[in-house]
Amino acid sequence: MNSHTSPVLTFKSSPEPLLSHMVHHVYHLVRCSNEVTYYQHALLPSLPRFIKTIYKKCRLSPAVLVVGLIYLERLKNNLPSEANGEYDTPYKLFLAAIIIATKYIEDHNAHALSIYKIVSPIYASKELNEMERSFLSVLKNNKHPILFL
């Protein structure tokens with residue numbers, strides 16, 4: 001292992017249970033509208049397919065998903081109970097959590113950049129940066145340090 005390689009958590013079986021848990025967790029984090037109101041909403045695949053596609057095409061490690069789940073749980077603890085979202089809010093929360101998790105786990109932005117590239121037909125990098133900043137601003141009020149698990 002060279003100095004630029006991150007530790008890798010591998011599955012002896014399928015990552016499907018972890019992916020399913022991520023889908024369930026993200027989907028139930030905030031009450032969201034079922035109404036497709038913007039053109040980009042219509043471009044989105046189902047949430048399970050979206051998460052699985054990002055995971056596979058970006059070659060994310062299961063560790064990134066686990067850290068992303070921790071960030072999502074911390075976000076949930078800081079959101080008001082009456083928080084609501086738009087149709088694509090679960091997608092945005094997933095992306096923000098995963099981008100932050102990849103930046104935390106890795107010493108380089110390769111996975112974050114591949115996420116940006118894959119979702120670029122739907123979300124511009126400016127939007128992704130805003131998602132990340134918004135997510136971090138909610139986490140900032142957390143009583144636990146953001147970067148230390």
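Author: Happy to! Let's start with isoleucine 54: leaving aside residues up to four places away in sequence, Ile54 touches Arg59, Leu60, Phe94, Leu95, Ile115, Ile118 and Val119. Please keep in mind that this is a predicted model.

Now widen the view to the nonpolar core. The largest one has 43 residues, and Ile54 is among those that touch the most other members, together with Met22, Phe50, Phe94, Leu95, Tyr123 and Phe135. Two of these names, Phe94 and Leu95, are also on the list of residues that Ile54 touches. Helix α5 gives the largest share, ten residues. As a general background, nonpolar side chains in soluble globular proteins tend to be buried together.

Next, follow the chain into helix α6, where histidine 111 has its place. Is His111 buried or exposed? His111 counts as buried because its relative accessible area is 19%, and the cut-off for buried is under 20%. Leaving out residues up to four places away in sequence, His111 touches Cys58, Arg59, Leu60, Thr102 and Glu106.

The C-alpha atom of Leu113 is separated by 8.8 Å from that of isoleucine 99, which is 14 residues away along the chain.

Cys58, one of the residues touched by His111, is buried, with a relative accessible area of 4%. Cysteine 32, by contrast, is partly exposed, as its relative accessibility is 26%. With a disulfide taken as two cysteine sulfur atoms within 2.5 Å, the count is zero.

Finally, look at where helix α4 (residues 62–78) packs against helix α7 (residues 125–139): the angle is about 65 degrees and the axes are 8 Å apart. The crossing of α4 past α7 is left-handed. From α4, Tyr71, Leu72, Arg74, Leu75 and Asn78 take part, and they meet Phe135, Val138 and Leu139 in α7. Six of the residues in this contact are nonpolar, one is polar and one is charged. Phe135 brings us back to the core, as one of the residues there that touch the most other members.

Technical notes. Residues are numbered from 1 along each chain as its sequence is written. This is a predicted model: local features need pLDDT of at least 70, side-chain atom pairs count only at pLDDT 80 or more; totals for chains, interfaces and linings use all residues. Side-chain values use heavy atoms; hydrogens and water are left out. Axes are lines fitted to C-alpha atoms, for helices over the stretch in contact, and angles run from 0 to 180 degrees between N-to-C directions. Helices (H or I, at least four residues) and strands (E, at least two) are DSSP runs, numbered from the N terminus. A crossing is left-handed if the near helix is turned anticlockwise from the far one by less than a right angle, and right-handed if clockwise. Contact means heavy atoms within 4.5 Å. Ala, Val, Leu, Ile, Met, Phe, Trp, Tyr, Cys and Pro count as nonpolar, Asp, Glu, Lys and Arg as charged, and the others, Gly among them, as polar. Buried means under 20% relative accessible area, exposed over 50%, partly exposed in between (1.4 Å probe, protein chains only). A nonpolar core is a set of buried Ala, Val, Leu, Ile, Met, Phe, Trp, Tyr and Cys residues joined through side-chain atoms within 4.5 Å.
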